[in-house]
Amino acid sequence: MKNIDSYGHLRGESLFVDDIITRHDTLFGLVFDSPKAHGKIISVDYTKAEAVKGVIKIFTHKDILGENQIGGIIQDEPLFAENEVHFWGQPIAFIVAESEFIAKKARALINIEIDELPIITTAKEAKEKGSFINPPRSFKSGNTQNSFAECDYVYEGETFSNGQEHLYLETQGSYAVPMENGNIKITSSTQGPTIVQKTVAKVLGVNMHKIEVDVIRLGGAFGGKEDQATAWAVMTALAVQQLKKPVKYILNRHDDLRMTGKRHPYESTFKIGLTKDLKIQAFEVEFLQNSGAAADLSPAIAERTLFHATNSYFIPNVMSTVYSCKTNLPPNTAFRGFGGPQGMFVIESAIAKAANEIGVNKRLIQEANLIAENDEFYYGQIATQVEAQKSWLATKEEFNLKRLEKEVKTFNKENLQFKKGISLMPIAFGISFTNTPMNHARALIHIYQDGSVGVSTGAVEMGQSVNTKMLQVAYNTLGISPLKVKLETTNTTRVANTSPTAASATADLNGKAVLQACNSLIERLKSVACKMLSVTESEIIFKEDQVFVNNKKSDLLWEEVVTQAMLERVALSENAHYATPVIHFDKTKEKGHPFAYHVYGTAITTVTVDCLRGIYEIDAVKITHDFGKSMNLGIDVGQVEGALAQGIGWMTMEEIVYGKNGQLLSNSLSSYKVPDIFSVANKVDIIPLETQGNDMAILKSKAVGEPPLMYGIGTYFAIQDAVAAFNPNYKPKFHSPFTPEKVLISLYEK
Amino acid sequence: MIQFILNNKIIKTSSNSGMTLLDFIREKEQLKGTKIGCREGDCGACTVLVGTLNKNKISYQSITSCIYPLGNANGKHIVTIEGINLTQNLNSVQQSLSENYATQCGFCTPGFVVSLTGYVLRNSKENLNTINDAISGNICRCTGYKSIEKATKEIDEKLIFKDADHQVKWLVDKGFIPDYFTEIPKRLNDIKIQKLNSISGTIVANGTDLYVQFADKLSEENINLIGEESSLKGITFSNKICTIGASTTVTELLENDRLQNIFPKLNSFLKLVSSQQIRNMGTLGGNFVNASPIGDMSIFFLALNSILRINNKNGTTREISFQKFHQDYKKFDLKEGELINSVSFLIPDKNTFFNFEKVSKRSHLDIASVNTAGRINIKNNRISNAYFSLGGVAAIPKFLTKTNDFLNGKTIDTKTIKQAERILQSEISPISDVRGTFNYKRLLAKQLFFAHFIELFPKKIKFQNLFS
Ligand SMILES: Cc1cc2nc3c(=O)[nH]c(=O)nc-3n(C[C@H](O)[C@H](O)[C@H](O)COP(=O)(O)OP(=O)(O)OC[C@H]3O[C@@H](n4cnc5c(N)ncnc54)[C@H](O)[C@@H]3O)c2cc1C
Ligand code: FES
Ligand code: FES
């Protein structure tokens, strides 16, 4: 089944926040933000700005009736700066005017005086100065120190992986409208409607039930609208509370790039120990996460980095530590993979370093250490239904790795200016919110009296086609045509207290709730139908909009059963709640069983580097991926392709640059480059791995949003392989992204 | 009064000619299918088609409406996604995208549909673009493009039997576009177009440079539009001289038969310049006067040893060597009231060799880290004249005077080229910025300088000899 939105998308008829019909008296907002990265605010002069015709009011922290606080995990982030600013782009005021154009004019007239304080832009510096978001965390298994002493090879090294801008095509935005009795309705482009609702209530000083948050769909999010969609929604609501007029705020791209956080850059150091047979015995790693100026989701992201520090390898002795370092950058935030990719980049680098030093092919070390059934992940979860080796072997065989490696070798022998490189990248990614209490969801389903059905869940549609999957679950379970089912907007008045749409787990959690709700409805309708047909419940099922008795079509239609149910006053609505069973994690011991299951897969990447110009092409990425029993392969393959492109972008061209003064320099689409149609892999082959699927996954169809992003890491090492083929003096560095600049310099380093 | 046809509707508006077409479409006309992703021409979400009537034939081009002045729509057929939709069914382009799962969040999707429809509407003879070139200016952050590529292959296959003589009718019959398209040429002819007259406003050719920075300011003006000025358009050849009007777009260069003959690799050179949408707008004059040190067209025409013709508003004309035009960072030899009229150069003969190189972080739709062009005349096995230019290494697009002087009279061999490269390094002064560190730019300058010779004289100059 196609994405149920594709008809509207292709005709430009799908609605995003910026497209909905606004009331004619709508006002427009614009943030005035800090032009310095750190300092004391001496004065802000709004008089000239306020005098601009059409400016209604400029809101500051003084206008807040509740708390000036939007921090989630830690309460450390004011909505508007009060006396100090901590990053370039930190909101200070919210200008509301008759048009965005007027607001922009006013913004240019605000005068601010800041007494600058010293700034920190790198994690390393922050650590040296003891500037942290929260205390560090460590996971441990075995004893690394003892183990290193017994290893045949021990190597140390350091890595850097840069941040990444989400570049959702639709920028952040919100439209808030006053309702009666001081209630406010907000249409927001957020992954977390409940987070928005809760934070708005707190800042406005009202109860949550006064605030209704509605989400139609998002034009991409990738984690960037999990926590960071909130501020803008709060500002529009704050203005509505006081002005009693609708207020709209859609960030322009430059403001969005400047003010919002990104994927966290990580600076890390590692020590890896192996025995002669290439078994990794011990691994120590210290991650310095550049969290930016406030916590945002950093502690949770740091946690996931630890969970994925060993990727898909079994290592008996591991010691990992992560520091969330407080710097003067915009608070960094969730981005597809949520710290996992940063963790995996380090272990892959450590393996590459060891391979290079020992003088063996990297893949031999990878292959020798893949996690197997009943091995223990170093945080205590016993690995079951493991597909690491299976996907590795399938990849090697299906794509004939031997031949590919030989082709690369031959090519490199025959060519001087062009060199090819090849790498393998296995992944194991845990599915569930690592914060166990967040693993729940609800669905509210109405069967209307004409037999049509409306489905509400807590899932937010942002291109991942979660609504399509919910619809599939609903119509299949109810046995009716998909045309009878409509997916409603995500709305806090219909489904409350939701977890954000994140962690790849949304289809599982909400899908299970939809399944439960549909099952309950079917039970009730069955008993109605049984009476109508004088048969027993075990004899009938609903299929093809009809009742089947002992697998034979009866004359009884779905609509007729629904009509009868109405007459009999049977409830045609159902609200179901699902909470993932089994999972738990003990933070005092840092051990437990945090994940419902893992997703596995392996990718082969081949690249060609033009050693004259230092540019490269990705020839192919060949993947076997563990979809479980995919409920919609077309959509799931699309997720793999999209995530892969993002992972490759992160590893190659996407380069965030801050100036020494903390100002974002890659601050526009002309200076921050994401993959276009010519820069993605020329060929992407994806083979679904034959597996049983997992009962914790919706219809055994495994989560697919985040895991494939990490196949992109393979591109880094394939380029490295090609560079090494050209330059025997090249000393492998682990400093992503591998931009054409770094490639050219590496090709000619002496 | 600006008049045009928007989809199926005749528009007469007194809005400022400097307003962006995007704002007119979304705000004044409330057509919300055209999306806003960046407002700087770099994402393609706002792509619309501009149909221009020429002797009863209409030709369509894709442009990014966020940086397109409303005034330029005067007399045109503007087509948004709403104007492409059939009443009920998906059109043929949309169907292929749908079948191949080529839409996820959907925010980029209307832009892709419009760009691809622009491709479909292009007369195949003049169409040197592949279907993927047509979406070179469209960014999608969700799909990874592979599904889109599958769709574009399919669309291309559907077009194999296109009837070139009656293409609009064919496209209507095959469900690519709605049938009102067939009436558009006649309806455009019937509109009595008034010339917009606003000599006092800011001079805008097609705005791809100015609108990125000053869209708000320009939207309050009636601007002085020179992009369509016939005296500034046209590519002519006479007496060994080729003359190109300043308002000629990059696409017009690319589609010119004679230029393609003169520069056999023209297509691959110019594909490195911006995107299809931007090439359809960006003019030579705009590129020269925006004076960016990495302007691709400046670098290209510097190496052609070009002459600029400059008109004064009193009708007087002067000519200067293009090498003298750029003086210092964003300073150039153009006085109040002067316009560049045209650029001209000696048509290369068989003893002339020309190459263009550009490296940027992303190979397409990106500004160069370093770009360079070189023209070499050979006489009796020696270089009689060398004209190399290099961008991104100085305050202006750099004409490498010393390097060129050194090369004159030399034979082409590895040693000479290595020596020349050292002189090149003494002439440049790159600085570090988002496009690269100065070290990288120096290294890249060397590599690309060598690349010219490897490309142009593969028998004499070999990669391995330069790097051993
Ligand atoms: C997304 C994007 C990508 C781009 N990529 C590239 C690229 O890869 N390479 C590159 O070189 N450039 C690139 N550019 C820059 C721009 O497209 C070019 O410089 C283009 O040629 C400018 O032409 P224009 O007609 O649009 O200029 P305009 O914006 O209309 O004008 C620019 C300036 O020139 C003046 N001007 C224009 N014509 C004349 C004339 N005849 N006489 C005197 N003054 C005149 C105008 O007054 C104005 O000051 C890009 C721009 C965008 C938006
Ligand atoms: S909005 Fe991005 S190109 Fe126009
Ligand atoms: S489908 Fe989301 S940006 Fe293309």
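Which elements do the buried residues of α19(A) pack against? They pack against β27 (597–610), β28 (615–625) and α18 (713–726) of chain A, together with β15 (352–359) and α17 (438–456) of chain B. A word on conventions: this is a predicted model, in which local features need pLDDT of at least 70 and side-chain atom pairs count only at pLDDT 80 or more, while totals for chains, interfaces and linings use all residues. Residues are numbered from 1 along each chain as its sequence is written, and chains are lettered from A and ligands numbered from 1 in the order in which they are written.

Helices (H or I, at least four residues) and strands (E, at least two) are DSSP runs, numbered from the N terminus. Helix α19 of chain A spans residues 740–747, and six of its eight residues are buried, that is, with 20 or more other C-beta atoms, placed from the backbone, within 10 Å of their own. Among them are A:Pro740, A:Val743 and A:Leu747.

Next, A:Gly273, which lies in strand β13 (residues 266–274) of chain A. A:Gly273 counts as buried because it has 25 C-beta neighbours inside 10 Å.

Finally, chain B holds an open sheet of five strands in the order β8-β9-β14-β10-β11, with antiparallel pairing; two strands pair if DSSP finds at least two bridges between them. β8 (235–238) and β11 (317–321) of chain B each have a single partner strand, so one side of each is left without a neighbour in the sheet. Within the sheet, six bridges join β10 (residues 307–312) of chain B to β14 (residues 338–346) of chain B, and B:Asn312 stands opposite B:Glu338.

Methods. Buried ≥ 20, exposed ≤ 12 C-beta atoms within 10 Å, placed from the backbone. Contact = placed C-beta atoms within 7 Å.
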